[in-house]
Amino acid sequence: MEDSYVLQLSDHKFKDLYLCLCGYSKCEPLHSFGPAVRPNYILHYILEGKGTYHAGDVQYTLQAGQGFLIEPHVQTFYQADEAEPWTYLWVGFHGDNAAEYLRSIGLSHGHLTYRSSHSSELKQIVINMLKNNTSSPTDQFMMQSLLYSFFAVLARDIKAFPSSQTDGDNLYIRRALEYIHNNYSNTIHVSDIAAYVCIDRSYLYTLFRRSLGMSPQDYLAGCRISCAAELLTVSELPISGVALSCGYQDPLVFSKAFKQKKGMTPSQYRRKYREAVRDQRIRRMGELEGL
């Protein structure tokens with residue numbers, strides 16, 4: 001269990017970088033999330049306590065003053081410490097230049113953890129995000145300025161930790177992920193990914209298992225289902241339209257694959273999510289002043 005405050009946004013006015021979600025959580029001992037893949041970039045920052053973060057087969061032990069990056073469609077798992085469970089905040093974002101902006105402050109696929117000494121400023125930025133929760137033009141511009149402020153604060157003293165993977169393996173994985181992210185909405189296969197990266201299919205499988213803890217096929221399927229889940233929550237596309245947007249030509253095949261991954265049909269997922277968001281907003285907005 002955890003005590004959390006969450007805001008999810010569906011109206012994106014900007015293209016280069018935009019906020020998708022943000023929140024603040026005080027976790028119970030051993031509270032965990034995952035293994036899961038997410039559709040957006042997410043930056044977590046630890047305010048108190050400690051815990052562990054797993055990205056692929058790499059584990060990081062982190063504490064207050066440190067943070068970690070979750071990349072889109074990469075399987076991750078994180079868990080609060082049993083004795084000193086962490087309290088953290090997070091911002092989720094995407095955009096055409098999101099990866100470039102992250103690299104400019106030292107974060108990338110090979111550098112997923114960081115350190116910052118400005119906890120009070122980062123916390124206040126997220127609280128302000130949670131309070132500006134309408135789709136009015138004023139709040140949209142305010143959210144954008146707050147997201148850039150979050151990056152500006154991190155850029156002051158962020159220190160990225162080195163990766164344990166080799167540069168060669170990282171290059172193949174980066175190119176494979178690039179191809180998947182740019183083409184998951186089309187009818188592509190693992191052989192297409194291997195051909196793009198210019199390595200043998202079996203070697204691609206080995207790299208994915210070693211780096212991400214899953215096969216290329218599982219990653220592609222997870223990417224498609226994650227994007228479908230996002231579209232179901234932020235758009236009004238019919239189920240057939242969501243299926244086509246995520247690389248499924250047959251809506252029935254899509255619905256079966258989605259239910260296998262999520263435990264419910266696309267329609268049930270959309271209904272459950274929207275009901276939960278509505279109830280949470282009503283319950284939480286009156287509590288923000290107490291943070």
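1. Start with a pair of strands. β5 and β8 run antiparallel and are joined by five bridges. Two strands count as paired if DSSP finds at least two bridges between them. Strands (E, at least two residues) and helices (H or I, at least four) are DSSP runs, numbered from the N terminus. Within this pair, Y53 stands opposite Y78 of β8.

2. A word on the source. This is a predicted model, in which local features need pLDDT of at least 70 and side-chain atom pairs count only at pLDDT 80 or more, while totals for chains, interfaces and linings use all residues. Residues are numbered from 1 along each chain as its sequence is written, and side-chain values use heavy atoms, with hydrogens and water left out.

3. Now the overall picture. The protein has ten helices and ten strands. It has 291 residues, and 49% of them count as buried. Buried means under 20% relative accessible area, exposed means over 50%, and partly exposed lies in between (1.4 Å probe, protein chains only). Take the contacts with a separation of 6 or more: residues 24 or more positions apart account for 74% of them. Contact means heavy atoms within 4.5 Å.

4. Back to β5 and β8. Both belong to an open sheet of four strands, in the order β3-β8-β5-β6, with antiparallel pairing. β3 (32-36) and β6 (58-63) stand at the edges with a single partner strand each, so one side of each has no neighbour in the sheet. From one strand to the next, the twist averages 15°. Axes here are lines fitted to C-alpha atoms (for helices, over the stretch in contact), and angles run from 0 to 180 degrees between N-to-C directions.

5. Follow Y53 further. Leaving aside neighbours within four places in sequence, Y53 is in contact with a list of residues including V58, L62, F68, I70, F77 and L112. Y53 is also one of the residues with the most contacts inside the largest nonpolar core, which has 51 residues. A second, separate core has 37 residues, among them I173, Y184, Y219 and C227. A nonpolar core is a set of buried Ala, Val, Leu, Ile, Met, Phe, Trp, Tyr and Cys residues joined through side-chain atoms within 4.5 Å.

6. Look next at β7. How many of its five residues are buried? Five of the five are. Q66, F68 and I70 point one way from the strand, and G67 and L69 point the other way. β7 runs antiparallel to β4 (residues 41-48), with four bridges between them. There, G67 is the bridge partner of Y45. β7 also pairs with β10 (residues 113-115), again in the antiparallel sense, over three bridges.

7. Q66 is found in β7, which spans residues 66-70. Its relative accessibility is 6%, so Q66 counts as buried. Across the strand pair, Q66 stands opposite R115 in β10. A polar atom of the Q66 side chain lies 2.9 Å from the backbone nitrogen of Q63.

8. Charged pairs come next. Side chains of opposite charge can pair when their charged atoms come close. A search of the whole structure finds two salt bridges. A salt bridge is a side-chain nitrogen of Lys or Arg within 4 Å of a carboxyl oxygen of Asp or Glu. E84 and K50 form one of them, at 3.7 Å from N to O. E84 lies in the loop between β8 (76-80) and β9 (87-94), and K50 lies in β5 (residues 50-55), so the pair ties together parts 34 residues apart in sequence. Both are partly exposed: E84 at 45% and K50 at 28%.

9. R156 and E121 also form a salt bridge, with their closest N and O atoms 2.7 Å apart. R156 is in helix α3 (residues 137-157) and E121 is in helix α2 (residues 119-131), 35 residues apart. E121 is partly exposed, with a relative accessible area of 33%.

10. L30, in the loop between β2 (18-27) and β3, has a positive phi near 65°. C198, in the loop between α5 (190-197) and α6 (201-212), has a positive phi near 70°. L30 is partly exposed at 40%, whereas C198 is exposed at 62%.

Notes:
Polar contact = N/O pair within 3.5 Å; in protein donor to acceptor, adjacent residues only side chain to side chain.
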